[in-house]
Amino acid sequence: MKKIFFLSLTLLVIAFAAQAQKFRPLDKSPRDIAYFPDHFAHDRKDGEKALVKVSYSRPFLKGREVFGKLEPYGKVWRTGADEATEVKFYQDATFGGKKVKAGTYSLFSIPGEKEWTVILSSDLDYWGAYKYKEGSDVLRVTAPVKKAEAPIENFSIVFEKVSDTSAKMFMGWADAVVEVPVSF
């Protein structure tokens with residue numbers, strides 16, 4: 001009888017331990033989404049469709065010198081933090097003057113003092129740019145760097161409407177802002 005009791009108790013403890021969930025703490029860089037049309041998911045009306053969606057992490061500046069130091073000039077950067085930024089085009093588009101098929105791509109950049117190389121890659125679901133492969137590039141465009149009016153604390157991406165089928169995608173952090181035209 002004692003053996004059955006202890007066996008039952010042991011099995012019960014194992015069952016509870018197996019069901020215990022361990023959740024990770026919050027990421028240091030919050031995830032965000034930028035749409036064109038802007039604020040699409042929130043403002044969506046029946047029948048409307050998004051043209052592009054960017055899912056990215058927003059690292060904090062925290063008084064650091066970012067470009068040229070934390071993110072070295074001339075080296076591939078994940079364009080955000082944590083998992084590589086992803087861009088989903090809901091239909092064929094022109095990105096920085098180059099044609100791109102509808103689909104989902106990782107967004108990488110190579111920051112420079114005067115211009116950035118902005119890259120769309122077919123490799124998805126990677127943390128950072130540690131496994132970036134140039135051979136997976138779908139396209140590369142260059143974009144000039146402009147000085148931000150005020151320091152940008154969190155890395156940010158936003159689309160500014162030019163017309164119903166075109167926008168400027170702005171990426172900004174610290175004192176740098178880069179603009180890439182997008183049209184559909």
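Buried is taken as under 20% relative accessible area, exposed as over 50%, and partly exposed as in between, with a 1.4 Å probe and protein chains only. By this criterion Ser 136 is buried, at a relative accessible area of 14%. The structure is a predicted model, in which local features need pLDDT of at least 70 and side-chain atom pairs count only at pLDDT 80 or more, while totals for chains, interfaces and linings use all residues. Residues are numbered from 1 along each chain as its sequence is written, and side-chain values use heavy atoms, with hydrogens and water left out.

Secondary structure follows DSSP runs, numbered from the N terminus: helices are H or I runs of at least four residues, and strands are E runs of at least two. Two strands pair if DSSP finds at least two bridges between them. An open sheet is formed by 9 strands. Their order is E1-E2-E3-E6-E7-E8-E9-E4-E5, and the pairing is antiparallel. Strands E1 (31-36) and E5 (98-100) stand at the edges. Each has a single partner strand, so one side of each is left without a neighbour in the sheet. From one strand to the next, the twist averages 35°. For such angles, axes are lines fitted to C-alpha atoms, for helices over the stretch in contact, and values run from 0 to 180 degrees between N-to-C directions.

Strand E7 covers residues 115-121. Of its 7 residues, 6 are buried, so E7 is largely enclosed by the rest of the structure. E6 and E7 pair in the antiparallel sense over 5 bridges. A hairpin of 4 residues joins them. Within this pairing, Ser 106 stands opposite Ser 121 of E7. E7 is also joined to strand E8 (residues 137-163), by 7 bridges in antiparallel fashion. There, Leu 120 stands opposite Leu 139 of E8.

The loop between E7 and E8 holds Ser 136. Contact means heavy atoms within 4.5 Å. Residues up to four places away in sequence aside, Ser 136 touches Leu 120, Ser 121, Ser 122 and Asp 123.

Ala 93 has Val 100 of E5 as its bridge partner. Thr 94 is also found in E4. Thr 94 is buried, with a relative accessible area of 17%. Neighbours within four places in sequence aside, Thr 94 is in contact with Lys 99, Pro 181, Val 182 and Ser 183.

Ala 102 is placed in the loop between E5 and strand E6 (103-110). At a relative accessible area of 36%, Ala 102 is partly exposed. Beyond its neighbours within four places in sequence, Ala 102 is in contact with Phe 89, Tyr 90, Gln 91 and Asp 92. Ala 102 and Leu 51 are 51 residues apart in sequence, with a C-alpha to C-alpha separation of 9.5 Å.

Backbone geometry was also examined. Most residues other than glycine have a negative phi, and most peptide bonds are trans. The peptide bond from Phe 36 to Pro 37 is cis, with omega near 0°. Pro 37 lies in the loop between E1 and helix H2 (40-43). Thr 79 is not a glycine, yet has a positive phi of about 60°. Asp 82, likewise not a glycine, has a positive phi of about 55°. Thr 79 lies in the loop between strand E2 (52-57) and strand E3 (85-89). Asp 82 is found in the loop between E2 and E3. Thr 79 is buried, with a relative accessible area of 0%. Asp 82 counts as buried at 19% relative accessibility.

Grid points are joined across faces, edges and corners, and a volume is the space filled by probe spheres set on the points. The largest pocket holds about 240 Å³ of space. It is lined by 15 residues, of which Ser 29, Pro 59, Arg 64, Leu 70 and Ala 81 are the closest to its centre. The lining divides into 7 nonpolar, 2 polar and 6 charged residues. Here Ala, Val, Leu, Ile, Met, Phe, Trp, Tyr, Cys and Pro count as nonpolar, Asp, Glu, Lys and Arg as charged, and the others, Gly among them, as polar.

Note on methods:
On a 1 Å grid over the protein atoms alone, a cavity is a set of points where a 1.4 Å probe fits but cannot get out, and a pocket is an open set with protein on both sides within 12 Å along at least five of seven lines; lining residues have an atom within 4 Å of a point.
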